[in-house]
Amino acid sequence: MIAAIVGPSGAGKDTLIAGACAAWPDLRLARRVITRPSDAGGEDFDGVTPARFDALRDGGHFALDWQAHGLCYGIPHDQLTGPAVIFNGSRAALPQAVARLPGLRVILITAPADVLARRLAARGREGASDIAARLQRADFAMPPGIPYLTVCNDACPAQGTARLLAALQPDRGAR
């Protein structure tokens, strides 16, 4: 099983992903390659220069790549092996992801706008105008024709993690 975890900034994707991986030992998070410094904080990723990213992409290193928020993101082929793998993806890249990764499960993690705003402000990474721009993108529609499950992360991390784990179960249908 390979699952793409998508959703707006501040929805708590990283928190729920970490909780799911801790609760399900066979679940593995694919490590992303991103064009930002490795010491920028947040998730564990491989930071590269734009030139290095382009070389990796052009060399066929990525199973999937996209651009968002002025950065390039890539998922290396070797990160998508194992019985259960998830990756933090982009809603805009889902058509490409579904085409390249047959059987991909898609899970949208979201939260009410006021919760997103509080979480973004608490991160302390962006100013008010950047937060406002991220909140405007929070309602980005899922691409048509792509089945997905929605996980509302509006409560404590334990409850959100439980909801994500339930969505990752293979016997659940897409909505």
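Why is β6 largely enclosed by the rest of the structure? The reason is that 6 of the 6 residues of β6 are buried, where buried means under 20% relative accessible area, exposed means over 50% and partly exposed lies in between, with a 1.4 Å probe and protein chains only. The model is predicted, so local features need pLDDT of at least 70 and side-chain atom pairs count only at pLDDT 80 or more, whereas totals for chains, interfaces and linings use all residues. Residues are numbered from 1 along each chain as its sequence is written, and side-chain values use heavy atoms, with hydrogens and water left out. Helices (H or I, at least four residues) and strands (E, at least two) are DSSP runs, numbered from the N terminus.

**The sheet that contains β6**

- An open sheet of 4 strands has the order β4-β3-β6-β5 with mixed pairing, two strands being paired if DSSP finds at least two bridges between them.
- β4 (46-47) and β5 (62-68) stand at the edges of this sheet with a single partner strand each, so one side of each is left without a neighbour in the sheet.
- β3 (residues 33-34) pairs with β4 in the parallel sense over 2 bridges, and the bridge partner of V33 in β4 is D46.
- β3 and β6 run antiparallel and are joined by 2 bridges, with I34 standing opposite Y73 in β6.
- β5 and β6 pair in the antiparallel sense over 6 bridges, and Q67 stands opposite C72 in β6.
- The hairpin formed by β5 and β6 has 2 residues between the strands, and H69 in the turn has a positive phi of about 55°.
- In a regular strand the side chains alternate between the two faces of the sheet.
- Helix α2 (residues 50-58) lies across β3, β5 and β6 (71-76), running at about 140° to β5; axes are lines fitted to C-alpha atoms, for helices over the stretch in contact, and angles run from 0 to 180 degrees between N-to-C directions.

**Pairing around β8**

- β8 is largely enclosed by the rest of the structure, because 5 of its 6 residues are buried.
- β1 and β8 pair in the parallel sense over 4 bridges, and A3 stands opposite R105 in β8.
- β8 and β9 likewise pair in the parallel sense over 4 bridges, where L108 stands opposite T150 in β9.

**Helix faces and a loop residue**

- The buried residues of α1 are K13, L16, I17, G19 and A20; seen down the axis of α1, they fall within an arc of 165°, so they line one face of the helix, the arc being that of the directions from the helix axis to the C-beta atoms.
- These buried residues of α1 pack against β1, β2 (27-29), β7, β8, β9 (149-152) and α6 (157-168), contact meaning heavy atoms within 4.5 Å.
- In helix α4 (residues 113-123), V115, L116 and L120 are buried, and they cover an arc of only 130° around the axis, which puts them on the same side of α4.
- R118 and A122 are exposed on the other side of α4.
- S9, found in the loop between β1 and α1 (13-23), is buried with a relative accessible area of 13%.
- Not counting residues up to four places away in sequence, S9 touches H69, L116, L120, R123 and R134.

**Nonpolar cores**

- The largest nonpolar core has 24 residues, and those with the most contacts inside it are W66, I75, L80, F87, L94, L104 and V106; such a core is a set of buried Ala, Val, Leu, Ile, Met, Phe, Trp, Tyr and Cys residues joined through side-chain atoms within 4.5 Å.
- The elements that give two or more residues to this core are β1 (2-6), β5, β6, β7 (84-88), α3 (94-100) and β8 (105-110), and its largest share, 4 residues, comes from β5.
- Apart from this core lies another, of 21 residues, among them I86, V115, L149 and A167.

**Cysteines**

- The count comes to 0 disulfides, a disulfide being a pair of cysteine sulfur atoms within 2.5 Å.
- C21 is in no disulfide, and the nearest cysteine sulfur, that of C156, is 18 Å away.
- The sulfur of C156 is 12 Å from the closest cysteine sulfur, in C152, which is too far for a bond.
- C21 is partly exposed, with a relative accessible area of 21%, and C156 is partly exposed, with 42%.
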